[in-house]
Every structure is written in structure tokens, then in C-alpha cells.
Amino acid sequence: MKVFKNYRNYKYILFVLPALLYVFLLSFFPAASVVYLSFSSKTGFTLSNYRGIEQANLGLAIIDTLIVSVGALFIQLFFALLIANILIKSLKGNKLFSTIFIIPYGVSTVVSAFIFSLILSPIGGFANSTLVSFGLRPVNWYSSSLSELAVVMFSDFWKNTPIVALILYGGLSGIPESLNEAASVDGANSFRRFIHITLPNLAPYIAIALLIRGVSEFNIFAMPLVLIGYFPPLMNTLVYEFFSSSATESYSYAAATILLAIILGFAILIIKIGGVKKYEE
Amino acid sequence: MKNKDTVSYIIAIILSIVFIYPLYVLILVTFEPVYLTFGRIYPFQLPIILTLSNLINSFHQVGLIVPVIRSVEVAMLVSIIAVLLSIPAGYGLQKLTSRVTNKIILLMFVVNMMPGVVVAIPISVYFIKLGLENSIFGIAFAQELVVLPLSVFIMLGGFRALPKDIENQAHVDGARLHSIFSKVLIPLVKVPILITFLIAWMTSWDEFTYAVIISPINPTFPVKLYDYVSRGEPFVASSFALLVTVPVVVLVIILQKYLKGEYLSGGLNGV
Amino acid sequence: MEYKLELKEITKIYGEKKVLNNLNLNIVSGEFMVILGPSGEGKSTLLRSIVGIENIDSGKIMVNGEDVTNNPPNKRNIAMVFQNYALYPNMTVYKNIAFPLKMSKMPSEQIKEKVNKVSELLKITDVLDKNSTKLSGGQKQRVAIARALVREPKLFLLDEPLSNIDARTRYTSRQELKRLQKELNHTFVYVTHDQSEAANIADRVAVLHNGVIEQIGTYEEIYNKPETTWVGDFIGTYPMNFIDGSIYDYKDKKIGFRPSWVDESLNDFELEISLIEKIENNYFIHCNLGEKNIVIRSNKNYNIGEKIKVGLSKFNVYKDEKLESVIENKKEKASAD
């Protein structure tokens, strides 16, 4: 594998090193000590921390996190595509629309979660108030685990779609108009143009958006903490629940270690498959 | 053609309502008397009676002002470190082959996939030893971890977009590394630097996980706000949320022209 | 100001490919050397190696007998004009030209004097305060040349400097560049893929192919006596025609000739006409000789499909793709045999 464009360019790795070391020192050391702490007690090596979390819903936390991450990513991607496609047309009032669509980016996650807890509250919620004023029946948005996850996903969609739309809009505006014109001369309708021209040209931008957002979705914490508390559990809320009570603090290391192993496997998978190739094109 | 535009307008208007409505709710809760909002099963949606009493009441609670200042301090620190680290990193990465560059970038992002809590807990243990817990430096150093990959990616894009051969020309003209940076390169990546700063600032401002674990005693604004929400004091929470959110939203709208997808994904070009 | 640049067995490798392969080249004071070759044959790499922004994998670069192979660009006193001019977009024209002087820590009074002098020479005094991004292509090129000249370098490298300019300006720029070089008596190395440029401005032309200089000499020499069949094929509006040597008793060899070397009064071989191009007062006639396609020049108009008999007034003989002998007058040679 050729590392440098020019073989005497090895010195340039020195420029990258501070940032790289920063990330590694502040993530690998802590990760290693989590593993160490999970196996230790005052008396030495122990497995008791792992026995302690047998009852915990670790599997459920992972599945729920996957549901929320993947679900939120899909919703964001869909609406971001919609928004980017509207903004790219030079409609009248587009400037206003693009200003409106960026607003949630300025609202911090805890504030967004707080507002949605007001809107979706089963009692005294603004959403139900709206439904009732239209003569409809109120809905309990917290009636099942799945609907609670949906509450998290919806709030997350509101907060994070703008940044995805920004990236996709950037990609769209880079596609030369002549490509679309040539395709319509060739008789492609707008759907086929979208499939054969827009999507392939947009693919690298979609990959970037998925990478940036995917990492954050996996780490989702404040949003569910404010909206649904500790149940249904997500990975971060579960570990935090253990951590915040001194009785179970040592369990949090065991839970964290297991999560770490799973994430590591997942990360290796991403690097091995598609990931790199996709945006090397 | 006309028909299609109508469909676009309808979708745009519906989405606009969805995007504005939550802010409207926040404003309503802040300025309407409590008996019209939290006091009812179905809160009133129209601003018939407005009052400043919620706002005035929450101002007596100085407890939220200090965290806001803290958040601003932390965010400044995070953005400055992000810029200082990502300028050389972006420059160096642009010199490597795109294969290696892409691997390094991906690796930095993937490291961030580790649940923040998992990393934050042991970091807090270290920081207690170093005396960094409950300090703005402790929070900033930890949040930098979240900010850095995207910062480096943005700066990489900035350096890749530079005119071809401009650095070579400076070499040929006899400039040394420090003048190449200070006189030629840095002035040409001003916009990416500004964007890196802005995005880092926003990310830190928004960050919760590291903040809550590393500095629970001297909390930042999001942590303190969560505190009020979980203690069941939504009036105070809503007033402050609004007061703090409005300036940031205005800032985002003003700086809108810099928040472009091209910059965020700039690292893609020139592979 | 005597100056001599010697490139000794220079090799540059990209991945698997040897872009420059044991290349040798000498450049002497005051000459206008043009390096000519097809795109992607390492012409730019050669210039970049000379100036020092690319490191060579082996070989030596000598200036006046001194080895500068490992010197960084700022220690070589060589100026270069890049293909896209690489003007600093954040600076005015004045600051662009002053930049190399500033880097050498010259006092600003002296800088001003030199910048003004070189701007007068290149007729850009009226754009000195403009931002460099607001210039036309021709102006950019002048500014880039001014910036290179202002340092009074020993050697002046230009990488296809006229390729981004429209055709008409290109022609005048070319003449001006030549005039400038002769006036200042500077040493120029100029890279291009455009033969007409090489023909017009070069004192000597070096043809670069497969990482080596295939031939070096005046354009006329190269045109009339290409040392390899590849050079013959590459040089000229129409490639040199190569036919089987057996027509003139050169077994296992090739005969190469230019379209204008055909003598229609001879009857040595027969051609079938397949296509005719009229260029100004001449006809360039594409014909078939057996399987082979050749082009001849004539002032007579023939018909497509017509068969004509011709001979050659002069030709070159190639053995194993290399020039063996030049036959100036075939008739004389025949009588001498």
C-alpha cells in the first residue's frame, strides 16, 4: 500500500499526529481501564460485576439502540432528501424556507427533548390538545415501548434533519444541470432521473451524512434521558443508570465492557466492508 | 411544471409548520399564564393572554445563568482547540494518499461510536486524579473527542480545495514552512476555519454526555436544564430554554451562508 | 552570468511506473530549451524535479558542477511558472510579485523599485492594485512571469504557460516570451505538448518519451532527421510515413519520409488515393500502399480511387526503429551503386 503521494512526505504524518493521538489517548486508555475495572474489586480479580448485570436488559438495550439509530437515520435521510430537493428548485420563498429548515440546528438537544416532552405529554400535551380541537381522540404516545422509541426518533428527526439536509443540498448543488437536461432529452422522467442521476451522484454525500449522523445516533443519550428516562433502556441510559447509583456503580463497568466488545466488532465490520470503499470512489 | 411546484409548496409549508411549531410551543409556555398551559389537560394553543411573570420568576433563580456562562466558556475552549489541532491535521492528511486519508478519517469517526458514557466514566476517573473534574478544562478536553473528527474532516476539505500548486509556488518563491502557513495557506482557509469553529462551538454547546459525567457539580447549561426538567420545574426550564435558544438560533440564521453541505463534506472533493 | 544545468541519470518512480528513466539532459546559459512530449509523459514531473518540489528516486542534478539534488526549492534560485499560474488569490498583483523578494528579506524600498521595473517590462503597471483573481488569462500569465522574473533567477522554468489562453493571445504571447528571453538573456526551460509552440520559440527542442529524452536538437533537425520512428511519428502535422524498405532495396529496414518528400516525376511505386484534404494551396492526399496508409503532399488535384505512380526525392532509413542513414538524393545514390 502506498502511503504517501511523494515518498519523502513522511514528515506530513507529524502534522496529523497530535489530533490522532488526542483521539486515541482519550478513547483507548479509558476503554482499557473500563475493561480492567470491570474485572476488579477491592479484593482482586472478580466476575461478580458481570453476575450483577445478568438481570439487566443489556440485550434489549442494544436492540433498542439499533432500532432508534437505524430508524432515526432513515427518517432523517428521507426528509433531508425531500427538503434538499425542494430547496434546489428555485421556488419563490426558498430563502424563507431554508431559514426555517435550519432553525432546529440552533436548538440544543436537551431543549428540543424538553419541548417535545411538553408537546407529547399524555396529559396536558400540546399534540393531544391539537387533536382534540380537530375533534379527534387523544393518543397516549407513551403506551408501549415501541411508541416510546418512536417518540425519541421523532424528536431526534426534528433536531437533526437540518444538518443532513445541509449535506445533501451541498451534494445536489454539485450535480451539473446539464446531466439532468441530457437525461430528460433522452426521455427519462423525473423519477428515473432521480434514480439514475441524482442518487448515484449523491451517494458519497449520503455516505458522509450517514457516517456523521450514524456515529451520533449510536451515542444517543440526552434525548431519551429527558423523554423516556431509563426505560425502555438504550445503551447509554442503561450504563448511566448503573453509574449514577453508588450501589451499582461497579456494574456499569461490566455493562460498558460488554458494549465495548460489541461496538468494536461492529466497527471492525464497518471498516472491513463497504465503509471505506464507498467513499473512496 | 406548475403542478409540481404546487406539490413542492405544500410539502415545504407542512414541513415549515413542523419545524416551527415546537419553538412556538416554547414561546407559548413561556409567555402564557400557567393556568392556560400546564394547568389544563388540553393546553390553550392561541396566545390570548400574555404575561411576563414566568420570565420574571425564573430570573430570580440565578441558578441557570452561571451554567450558561460556563457553557459558553467551554464551547470557546473546545472550538479553539479544535481549530488548533485540525489545521495541521487537515494539512497533513491532504498530503497522504486518499486511501490512507480515508482510513484515518473513518477510524477517527468509528472511535466515536463507542458509547460516550463508556468513555466518559473512566475519563472522569482520570480527571479526578488530575484535578480536572468539575472544571471547564475537563469538560472541554473530553468534548474535544466528539468534535475532532468532523473538524479534521472539514479542514481536510478546506486544504483540498486550495488552488493547485499554490503551496509549491510558495516553496519556489523561497518561503519557509512558517511563512507558507502564515502568509499563504491560513489566509486561504479562513472560511473552513470559521466553519470548524462554528460547528465545534455548536457541538460543545449541545453536548450532554461528557458534561453530565465529568462535571455534575458545576454543570453546563444543558445539564442544569435537565436538572430542572427532571425535578419537575418546567416553568423555569422553559423561560431559560427560550432565552438561551433565541440568540443561538439567530446566530445560526445569520451564519447560514457558512453552514453549507459543501464545507461539511469538503473532504470528499479532489480525491 | 555563466550557468550550466546538468541532469544525470534521473529516475522518478510513481507506483510501478518509471516516469523518468535514467534521463540525461544538459542546459546551457541563455538558451531557450523546449521540452516537447505527449501529455502524461512526465514533462511536468521533470520540471518539478529540477525546481525541487518533487524528489527524484535516483540520479543527480548539478548546477555549475555543484550537486543540488537534495537542496530544497528555496536554495536553488530557480523560478517556475506553473500551468495555472498559481497566483496567490488572497493578494493583489503587487503583493504577488513582491512575495519572493519579501521572502528573501529585501528592504521594501528596493522591493518597490524592482516590482515597478518588472511590471513596466511586462506592461502590467495598471493592474498592480487589482486582486489577482480579477485578471484575464493573459494578464495572469504576465503577472506569473513577472513574479518569476523579479527574483532574477538563474534558471526560468515554464510549465505549459500558454495552454490556458485563447488562441489569438497565445500567438502574440509566444513572440513576446521569445523576445523577453533574448533581451534579458535568461535561460528558459519551457514545457509543452504543442509542436507549433516548440517550432516557433525553441533554440533547442528535447523530445521526451518513455521517461527519456529521445532526441535533442533544433526543431528542423528533429523534423527532418527523427532519430527514432516514434519521434518521426510524433513530430509534424502529419506523422512521418513509414513503409517497407524493400521498395528501395533496404531489406528488413523501414523507409521514413515526410509528405513533401514525394517526387511525382518518379515511378518507383504505385499508390491508390483514398482521401484528399485541401490546405491552403496544397493537397494532402491520403493513399494506400498495399495495407499501409500514407499521406503525400501535392499541388495537383487527383480523384479518389485514382492510381498514381510516385517516387521519393529523399528519405531516411530506419533499422530496428532507429535512424540508420539519411538518403538526401536517391538518384545520386542509385548511380553511385
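Q: New to this one. How much of chain B counts as buried?
A: Of its 271 residues, 52% count as buried. Keep in mind that this is a predicted model.

Q: What is chain B built from, helices or strands?
A: Helices: chain B has 13 of them and zero strands. Read from the N terminus, the elements go α-α-α-α-α-α-α-α-α-α-α-α-α.

Q: And what size of box do its C-alpha atoms fill?
A: Roughly 75 × 65 × 30 Å along the principal axes, for the C-alpha atoms of chain B.

Q: How is chain B divided into domains?
A: Domain 1 covers 2-51 and domain 2 covers 62-268. The C-alpha centres of these two domains of chain B are 32 Å apart.

Q: Switching to the neighbours. How many residues are in contact between chain A and chain B?
A: 87 residues of chain A are in contact with 82 residues of chain B. Helix H1 of chain A (residues 13-38) provides the largest share of the chain A side, 14 residues.

Q: What kinds of residues are on that side of chain A?
A: 66 nonpolar, 17 polar and four charged, on the side of chain A that touches chain B.

Q: And chain C, how many of its residues are in contact with chain B?
A: 16 residues of chain C, in contact with 16 residues of chain B. Strand E6 (78-81) and helix H2 (93-103) of chain C each supply at least two residues of the chain C side. H2(C) gives the most, with three residues. That side of chain C has 12 nonpolar residues, four polar and no charged.

Q: Let's talk cores. How many residues has the largest nonpolar core?
A: The largest nonpolar core has 234 residues, and A:Phe114, A:Leu168, A:Val239, B:Leu225 and C:Leu157 have the most contacts inside it. Helix H6 of chain B (residues 136-160) gives the most to this core, 16 residues.

Q: What is A:Phe114 in contact with?
A: Setting aside neighbours within four places in sequence, A:Phe114 is in contact with A:Val226, B:Leu225, B:Val229, B:Ala237 and B:Ala241. There is also a second, separate core of 10 residues, which includes C:Val262, C:Leu271, C:Ile296 and C:Leu312.

Q: Which strands form the open sheet in chain C, and in what order?
A: There are five strands, ordered E13-E17-E14-E15-E16, with antiparallel pairing.

Q: Why is one side of E13 and of E16 left without a neighbour?
A: Strand E13 (262-263) and strand E16 (292-298) of chain C stand at the edges with a single partner strand each, so one side of each has no neighbour in the sheet.

Q: How many bridges join E15 to E16?
A: Seven, between E15(C) (residues 282-289) and E16(C), which run antiparallel. C:Cys287 stands opposite C:Ile294 in E16(C).

Key
Residues are numbered from 1 along each chain as its sequence is written. Chains are lettered from A and ligands numbered from 1 in the order in which they are written. This is a predicted model: local features need pLDDT of at least 70, side-chain atom pairs count only at pLDDT 80 or more; totals for chains, interfaces and linings use all residues. Domain bounds come from an automatic or database domain assignment. Helices (H or I, at least four residues) and strands (E, at least two) are DSSP runs, numbered from the N terminus. A residue is buried if 20 or more other C-beta atoms lie within 10 Å of its own, exposed if 12 or fewer, and partly exposed in between; C-beta atoms are placed from the backbone. Two residues are in contact if their C-beta atoms, placed from the backbone, lie within 7 Å. Ala, Val, Leu, Ile, Met, Phe, Trp, Tyr, Cys and Pro count as nonpolar, Asp, Glu, Lys and Arg as charged, and the others, Gly among them, as polar. A nonpolar core is a set of buried Ala, Val, Leu, Ile, Met, Phe, Trp, Tyr and Cys residues joined through C-beta atoms within 7 Å. Two strands pair if DSSP finds at least two bridges between them.
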